[in-house]
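Please look over the sequence and the model below before reading on.

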Amino acid sequence: MSLSPTTPTSYGEPGGHKRRRTNDFDHNQFLGGQGAMQQDPAANQQGSPGQGPSHPAGHIPKRGARACTACRKGKNRCEGEAPCRRCQLSGTPCIFEKPEKKNVQPMPTGSVERLSRLEGQYLVMQSQMIGMQSTLDRILAVVQQGPPPPFRESPSGPPMRGPEVYNPPPSVDNRAGRSFPPLPGFAPPPHKYGTYGIVPSTAPSSDDESEDTLPRATLNAPIEALQGLANAAAEAAAAPSATTPRVKKRKKVEPIPRNAFPHVVEKGLVSDAEARELYHIFFSGCHIFIPVFDPAYDTYEGLMERSPWTFDAILAVASKIRTGTGPLSPSFYRALEEAQGIARSSLFGPVVRKEAVQGMLLLAAWSTNGWLPSGHAMRMALDLGLHRALEKLADEPTKKRSEDEERNLVVSARIWLCLYWFDHQMSLGTGRPIVLRDEGSIRHCRILLKHPMASPTDVRLVSQVELIAQKTQIYETLSPLNGQVNHNTLAFIRRANVALDKWWQDWDELHRQSMDEESLQRKILAGELYYAKLWLVCVALRGVSWDKMPFEQRELAFQAKDAASACLSNLLNSTTHRAALRYAVHDSLVTAAFSGLFLLKMANLFPAELDLSAISAQVEQLAGLLSDVAAERYALTLRIMLANLRRKMGMVPAGVIPNSQPLDLPPFMDPALVGPPHPPPPFTMEELGVNWPAAGEQRMFSPSAIPLWLQEQNLTDLGLPANGFDGIFLQVANTNGWTGDFAPMPEAW
């Protein structure tokens, strides 16, 4: 017997039950006739839920598109509308549940994470927009009250707005009766927050964006977009008009306002003749070590007009160079106070011109602690969008721009490259992490060399940028190893040396096209190569003790010794380089001094394998050169280590009487009961070979003040310390171990 296709093959299916029970219900109605209708009504209401209450004769419930919960559980036909007839008659709550979606694919893990991240960003943006809306309301309320108060001249600083000047009286500590000077009165300049500098070339997100809507591209920077809205609304509220002005929300470059601070010549602190002399001193050599200027464009009158901050910083640096080792002039203090005062005001105000970044970079480059100000200069440059200049020059070479627009891009690219190089150099030199890792902003750096507005020092600038990119890769590869030198490390060092040689060959060829062999820039280029090879080995050998070195590591140490010796010879044997050292930044002085200290360490470890007399003469000559350029901090460190080597090896120069040794212990006393041995005797001025301070009293230097990296127990460590050069040289903020009262050590600010 064959089954019909319409007959269910399984009685467990819902369709079979519904069809069967419906047929039974109709059959009973047909057979029962009148008798079924005459039953007890109570019995009908208490019937089984499967059959439901009684209905009029001939009534068949219509099947709905969906069933309620009660009908679905009883497997009865439901009308599909709430409430259904069965639930009404039985008094059951009629509930329709949402149907489950069939064949729903689970969302990938990445999509879930992305969705949750977008939801979090939406909540953050929502809170930021609420805050910016309240700020916008306050700005509009202030604008509608009237114009800001006029400027007035501060008695001890630049012009400031009346209500923003804070001149508190000297505070007094009632407990001790001490008085304290008031805080500096440099308020932020009265410039509004807006878009200055370089605007990114972003197209509208879609064609349906109008001037009355906020572009979707600004969702990546909601705070900046809302600040632009606040500025546009303030301008609209300040402009008198009978009709409601239209507020435009598109990003545009704000016009650069006038300078809020006067320069030192305008204030009468430095005469014009002296300022011109100092300007000439700066551009006689300083611009080579910090190649951020173009002498043909950055003229005396041009810098004075565009940026009093940069102008004052140039005069301060030049005044320090002119003074040398003598007493500092009043012009130095005045120019430095003005430049640093304007720099303080930039911490809490908008940056409106790119020359301000140049001023902060100068204050960082000629400072003994340039890492902090260089970080602020980096933030200023990012705020102005200077990191986009090279990309615009490379991506839009055929775009028609005016001469001023083209000059603006070239100068912005030069400032960014110089700041990128200097900030990375500070991070690697001080052992601090590198903050900026945007290598894409320097990818087109060589385009600056072929530009018609290129300056003579751009070739040095771009070479330093490519070198610092290689050194950054070296540091990130070798630093995590902590001195664990294996075959892979040695292979990497060999490849790095080959890459450094290739770098020097390429750039020396470019320098040779316009410079002779004895030119300063080619000498500096060769010195950078030697020091990079020395630095490479010192990073690899960090924490490695010389007595546990295998043959390969000893070979690395002697390669570094050759690089350090070549670095000093390149400096000492060049008349041009020696004469230009007075213009050098502190990083260049540190490079030379560290090379000398490394040679002294190698001489202490391998006295039988090195020429101690030649090393001593070379280091002594370097110490004298550093003293001549007021780098006494580095010169004194070299002299102390040289005196220690000579005393240790019995190489005391003729005519110098070393300090007497401490008395020996009595023979009956156990040395173990005394404790550690006596510290080494202090160094006399004659041993150090210095005439500073003035003779007349017996002065001595305690070896306990020597930095830890240079002390006797750490001479076996040839690697760089964890805190970089800060742990190598003497600190000038204290007595430096000198006994007696001395005049301040000649040093930079």
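Which residues does histidine 511 touch, not counting residues up to four places away in sequence? The answer is Val459, Arg460, Ser463, Gln521, Arg522 and Leu525, where contact means heavy atoms within 4.5 Å. This is a predicted model, in which local features need pLDDT of at least 70 and side-chain atom pairs count only at pLDDT 80 or more, while totals for chains, interfaces and linings use all residues. Residues are numbered from 1 along each chain as its sequence is written, and side-chain values use heavy atoms, with hydrogens and water left out.

**The chain as a whole**

- The protein chain comes to 26 helices and 6 strands, these being DSSP runs numbered from the N terminus (helices H or I, at least four residues; strands E, at least two).
- Of the 749 residues in the protein chain, 45% are buried (buried means under 20% relative accessible area, exposed over 50%, and partly exposed in between, with a 1.4 Å probe and protein chains only).
- Among contacts in the protein chain with a separation of 6 or more, 72% are between residues 24 or more positions apart.
- The protein chain exposes about 40,300 Å², of which carbon and sulfur atoms supply 55%; accessible areas come from the Shrake-Rupley method with a 1.4 Å probe, and for residues only the protein chains shown count as cover.

**Confidence**

- The mean pLDDT of the protein chain is 74, and 62% of its residues reach 70 or more, pLDDT being the predictor's confidence in each residue, from 0 to 100.
- Over residues 202–214 pLDDT stays under 50, and the model has 21 contacts beyond four places in sequence for this stretch.
- Over residues 733–749 the pLDDT is below 50 as well, and the stretch has 52 contacts in the model beyond near neighbours in sequence.
- Where pLDDT is low, the predicted coordinates should not be read in detail.

- Arginine 86, placed in helix 5 (residues 85–90), is buried yet has no salt bridge, and the nearest side chain of opposite charge, that of glutamate 79, is 7.6 Å away.
- A salt bridge here is a side-chain nitrogen of Lys or Arg within 4 Å of a carboxyl oxygen of Asp or Glu; for charge, Lys and Arg count as positive and Asp and Glu as negative, while His and the chain ends are not counted.
- A polar atom of the side chain of arginine 86 lies 3.1 Å from the backbone oxygen of arginine 77.
- Proline 83 is found in the loop between helix 4 (69–74) and helix 5, and the peptide bond from alanine 82 to proline 83 is cis, with omega near -5°.
- Lysine 75 is found in the loop between helix 4 and helix 5; this residue is not a glycine, yet has a positive phi of about 60°, and at 36% relative accessibility it counts as partly exposed.
- Most residues other than glycine have a negative phi, and most peptide bonds are trans.

**Buried sites elsewhere**

- Alanine 630 lies in the loop between helix 23 (612–628) and helix 24 (632–649), has a positive phi of about 65° although it is not a glycine, and is buried with a relative accessible area of 5%.
- Isoleucine 342, in helix 12 (residues 330–345), counts as buried at 6% relative accessibility; isoleucine 342 and phenylalanine 261 are 81 residues apart in sequence but 7.5 Å apart in space, C-alpha to C-alpha.
- Histidine 511 lies in helix 18 (residues 487–512) and is buried, with a relative accessible area of 1%.

Note on methods: Polar contact = N/O pair within 3.5 Å; in protein donor to acceptor, adjacent residues only side chain to side chain.
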